[in-house]
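This short report looks at one helix and its surroundings. Please have the sequence and the model open while reading.

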Amino acid sequence: MATYRDEGVVLRTIRLGEADRIVTLATPEHGKVRAVAKGIRKTKSRLSGRLEPLTHVTMICWRGRELDVVNQVEAIEHFKAIRSDLERVSVAMTMLEVVDQVALERHPMPEMFRMLVGALRTLEERPSPALLGSFLWKLLVMEGVGPSLDQCAGCGSEGELVAFDAGEGGFLCRSCRRGQAVGAETVSLIRQVLSGGLRAALDQPASRAAAEAERLAMVATEYHLDRRVRSAHRGTEISTAGWQGWSNTSNPDTGEAPHAGAAPDAGAGLAPDAGTAADAGAGLAPDAGAAPDAGAEAEAKPGLPPLASW
Ligand SMILES: [Zn+2]
């Protein structure tokens with residue numbers, strides 16, 4: 001069976017039978033990957049603790065016809081600060097859910113992957129009120145449905161943009177206005193994010209513009225996906241203790257059923273299992289077997305962009 005090696009961010013997992021899980025990952029070279037992690041729910045599994053949602057990994061998989069099979073996996077980053085903060089968990093879940101919705105299986109997506117890891121790293125190290133909105137606007141641009149910020153989506157005039165209506169194509173001038181009113185600072189902030197000013201935008205303190213930019217980004221994203229982003233509306237339902245990713249259940253919006261034999265896994269928590277994460281068995285990275293201390297993890301990050309350059 002052919003094998004391949006890639007990086008990945010775990011988007012979600014669902015139980016499969018007694019001991020296995022199906023893990024969905026975003027990868028740069030293979031797009032969205034769905035792979036079986038065999039025996040992962042056994043206490044001695046060398047995979048467990050490395051394939052929790054959110055974890056950034058490097059892995060070797062066997063290619064299967066429908067589902068691949070995880071052969072080896074090594075955690076690069078666990079994003080522990082995100083996991084310990086409900087607000088950050090909520091932002092991360094939303095990003096993972098949206099990437100899961102837009103990513104295509106086996107279609108390389110190096111840009112989107114790099115942006116996801118960059119945004120998660122920013123969320124881990126220096127969260128910003130503009131982070132989620134910036135991520136979503138940039139993702140929409142990547143998807144080819146970014147907003148026009150130089151002219152009205154209705155009449156094409158270059159006057160001030162004062163409203164937003166996703167169904168009308170985006171930002172609208174005073175004469176075309178409908179949908180939601182939008183502040184001038186909000187338009188400026190989104191323009192800044194989409195024209196190379198991400199770092200400066202992320203450095204800004206919380207503001208009405210940042211909140212509005214995020215709200216509109218969510219509206220535009222949901223319009224593009226033609227479905228609700230459930231993670232963004234879950235609020236206090238989120239529990240870090242029980243989180244297994246943004247969705248373990250069937251999807252009521254699309255009617256998509258979980259894989260046969262799969263069921264939500266309520267048993268495992270979010271935090272990686274330190275004992276199994278340090279398991280010497282999986283031997284993928286040079287530091288295999290070493291405890292995932294900060295030094296080893298920093299060295300393991302393979303050539304990813306610095307903070308806030310996503
Ligand atoms: Zn107009």
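Which residues in α7 are buried? They are Ala209, Ala210, Glu212, Ala213, Glu214, Leu216, Ala217, Ala220 and Thr221. A residue is buried if 20 or more other C-beta atoms, placed from the backbone, lie within 10 Å of its own.

## Basis

This is a predicted model, in which local features need pLDDT of at least 70, side-chain atom pairs count only at pLDDT 80 or more, and totals for chains, interfaces and linings use all residues. Residues are numbered from 1 along each chain as its sequence is written.

## Helix α7

α7 has 18 residues and spans 26 Å from first to last C-alpha, close to the expected 26 Å. The expected span is 1.5 Å times one less than the number of residues. Helices here are DSSP runs (H or I, at least four residues), as are strands (E, at least two), numbered from the N terminus. After α7 comes aspartate 226, with a positive phi near 60°.

The buried residues of α7 are covered by elements including α2, α4, β6 and α5.

## Glutamate 212

Glutamate 212 lies in α7 (residues 208-225). It counts as buried because it has 21 C-beta neighbours inside 10 Å. Beyond four places in sequence, glutamate 212 is in contact with Val182, Gly183 and Thr186; contact requires C-beta atoms, placed from the backbone, within 7 Å. Glycine 183 is 29 residues away along the chain, yet its C-alpha is 8.3 Å from that of glutamate 212.

Note on methods: A residue is buried if 20 or more other C-beta atoms lie within 10 Å of its own, exposed if 12 or fewer, and partly exposed in between; C-beta atoms are placed from the backbone. Two residues are in contact if their C-beta atoms, placed from the backbone, lie within 7 Å.
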